[in-house]
Amino acid sequence: MAAEPLETFTQLPLTIDPTSKSLSSPLPHLSQPLASLHNLQRSLLSLPTQIPPPPLPTNPKRSAQIQKMRDQGNASLRKSPTNPSEAIQLYTYGIEMALGRPGWEPSQLVREEASLLYANRAQAYMAGQMWAEGAADAECSVECKRAGNGKAWWRRGKCLVEMGRWRDAANWVKEGLEVEGEKEGELVMLWKDIEKHEEEERRKEGR
């Protein structure tokens, strides 16, 4: 049976010593938790800089394995561009390893790795004409890294076009150009294709 949600708030009688900054309470069941809190406070104050030590460094073995999965996926896709199932699986392993990093490791590192792997897997899905999956992965890549990720912007836009979602593609590519600028040639060309399609649609409606 699920626990019922709390509907009341109980204010505990706590006092703080202005000199030692320690907490106390007349309630016996709070004695042990407060003692543990005071021990932690004293331990932190005894440190030279009065801050906890830095987290453990990034695990180099995990980084190497993630890069290995990406490299093998790239090689597999080049070898069998019309049968990308193996590449998709390799990229998936890499994504799982990247997202499975411990919480103390830098989140920026996770985002960088995941951005590359999602973009690679989007390309593999596109090679297999799995447009919906490719669009989803390209969007994940952009969410991890918006700027400097022109290929992912283009890949989602291209997948949307292939699915016939021209209006969504126009909105997406326009946003991508605002972020990346016109230095991304493929994105610019895709925008021109979308504009051409919309112009043709307008002419048909005007008949």
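Predicted model: local features only at pLDDT ≥ 70, side-chain atom pairs only at ≥ 80, totals over all residues.
Let me begin with the largest nonpolar core, which has 19 residues, and in which Trp172, Val173, Leu187, Leu190 and Ile194 touch the most other members. If we ask which elements give two or more residues to this core, they are α4, α5 (131-144), α6 (150-162), α7 (166-180) and α8 (185-205), and the largest share, 6 residues, comes from α6. To take one of these members as an example, Leu187 is in contact with Trp153, Trp154, Val173, Gly176 and Leu177, once we leave aside its neighbours within four places in sequence. Apart from this core lies another one, of 13 residues, among them Ala114, Leu117, Tyr118 and Ala124.

Next, I would like to turn to Ser115, which sits in helix α4, residues 107-127. Is Ser115 buried or exposed? Its relative accessibility is 2%, and because buried means under 20%, Ser115 counts as buried. The side chain of Ser115 makes a polar contact, at 3.3 Å, with the side chain of Asn149, and, not counting residues up to four places away in sequence, Ser115 also touches Ser141, Cys144 and Lys145.

Finally, let us move to the surface, where Leu37, Leu40 and Leu44 form a nonpolar patch with about 250 Å² of accessible area together. Leu44 is found in helix α1, which covers residues 31-45, and with a relative accessible area of 32% Leu44 is partly exposed, whereas Ser115, as we saw, is buried.

Notes: Residues numbered from 1 in each chain as written. Heavy atoms only, no water. Patch = residues over 30% accessible without salt bridge, like charges linked within 9 Å, V, L, I, M, F, W, Y side chains within 5 Å. Areas by Shrake-Rupley, 256 points an atom, 1.4 Å probe, with all protein chains shown as cover. Salt bridge = Lys/Arg side-chain N within 4 Å of Asp/Glu carboxyl O. Helix = DSSP H or I, 4+ residues; strand = E, 2+ residues; numbered from the N terminus. Buried < 20%, exposed > 50% of the residue type's maximum accessible area, 1.4 Å probe, protein only. Polar contact = N/O pair within 3.5 Å; in protein donor to acceptor, adjacent residues only side chain to side chain. Contact = heavy atoms within 4.5 Å. Core = buried A, V, L, I, M, F, W, Y, C linked by side-chain atoms within 4.5 Å.
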